[in-house]
Amino acid sequence: MKKILLTLFASALCLSAVHAQPGMGGFGQMPQIEVDFDPYVEAPAGYDVARDGIEHGTLELVEYNSEFVGTVRKATVYLPPKYDASRKYPVLYLLHGIGGDENEWRQGVPEIIMDNLYADGKAAEMIIVMPNGRAQKNDRAEGNVYASAPAFAAFEHDLLGDLIPFIEGKYNVYTDKMHRAIAGLSMGGGQSLNFGLGHMDVFAYVGGFSSAPNTNTPEVLIPDVEKTKAENELLWMVCGSKDGLMYNSTRLKAFCDKNGIPCTMINYPDGQHDFVVWKYGLYNFAQLIFK
């Protein structure tokens, strides 16, 4: 446990450098891994701009009791247009970065992106849960946010033991892995890869957007290559070409390519560590899941 905590704190320091030096991120010394990126297809103009004359989903803030943390915690939930409590929906758990909370994804206008996808018939209807991925009693993004890095690893227990059961009790949702997905940005991207690949019995679809150094090594993420080939339905990643955290994604992509594991990795042209890339990630990932 001590070794894990030290590793997480080191990751937090690296993330601090990223935010202090956008683009380079203080990672000039990190090894560069050459991989065959998947084709980048530009998102259509206006994909993240609110439209008139279409149906709109709703956002609501929910509270749930976390036995693991020992407190009441919050999550933002997106319900699709014409949400019908009498029918079942799949669920995407969408995680934030180290400086965010249950509100950070609001900067990425997920409700607008999803409303537009539905209007164009490009995505399956789903509920999106945007929780606070900092599993500690004071889970606010305040003070030295990097000191809370261990709480991001601990969120695995809160997610699996408290949040998912709460969502499945409050909403009429499917409860099998084929109807659950997990994705996130930066620190949340690392969480998504760690938790999603670590629990393929829970999540069939896994996405990492500009995943941070909290991402486990490929050998830890995928200890059994054949099991991953058989059980993971989608492993999808994106990172900006000018993002100092690119290594975390290309390292996994190289491992997957070497071992014949299906894995998509998009290199966003001139992309930084920001919502330009992360909105693009959500736009694409949402179209591929629950189909």
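Is N116 buried or exposed? N116 is buried, because its relative accessibility is 3%. Buried means under 20% relative accessible area, exposed over 50%, and partly exposed in between, with a 1.4 Å probe and protein chains only.

1. Basis. This is a predicted model: local features need pLDDT of at least 70, side-chain atom pairs count only at pLDDT 80 or more, and totals for chains, interfaces and linings use all residues. Residues are numbered from 1 along each chain as its sequence is written, and side-chain values use heavy atoms, with hydrogens and water left out.

2. N116 and its contacts. N116 sits in helix α2, residues 110-119. Helices (H or I, at least four residues) and strands (E, at least two) are DSSP runs, numbered from the N terminus. Leaving aside residues up to four places away in sequence, N116 touches G46, Y47, D48, V49, R51 and I54. Contact means heavy atoms within 4.5 Å.

3. Helix α2. Nine of its ten residues are buried, so α2 is largely enclosed by the rest of the structure. The buried ones are P110, E111, I112, I113, M114, D115, N116, L117 and Y118. Their cover includes β1 (58-66), β2 (71-79), β4 (127-131) and α8 (275-288). Just after α2, G121 has a positive phi of about 65°.

4. The sheet. Eight strands make an open sheet with mixed pairing, in the order β1-β2-β4-β3-β5-β6-β7-β8. Two strands pair if DSSP finds at least two bridges between them. At the edges stand β1 and β8 (264-268); each has a single partner strand, so one side of each lacks a neighbour in the sheet. On average, neighbouring strands are turned by 20° against each other, direction ignored. Axes are lines fitted to C-alpha atoms, for helices over the stretch in contact, and angles run from 0 to 180 degrees between N-to-C directions.

5. β5 (residues 180-185) and β6 (residues 205-209) run parallel, joined by five bridges. I182 in this pairing stands opposite V206 in β6.

6. Helices on the sheet. α2 packs on the sheet and touches β1, β2 and β4; its direction makes about 35° with that of β2. Helix α3 (residues 149-170) also packs there, touching β1, β2, β3 (91-95), β4 and β5. The direction of α3 makes about 120° with that of β1.

7. Cysteines. The whole structure has zero disulfides, a disulfide being a pair of cysteine sulfur atoms within 2.5 Å. For C256, the nearest cysteine sulfur is that of C263, 4.1 Å away. C256 is buried at 0% relative accessible area. C239 also counts as buried, at 0% relative accessibility.
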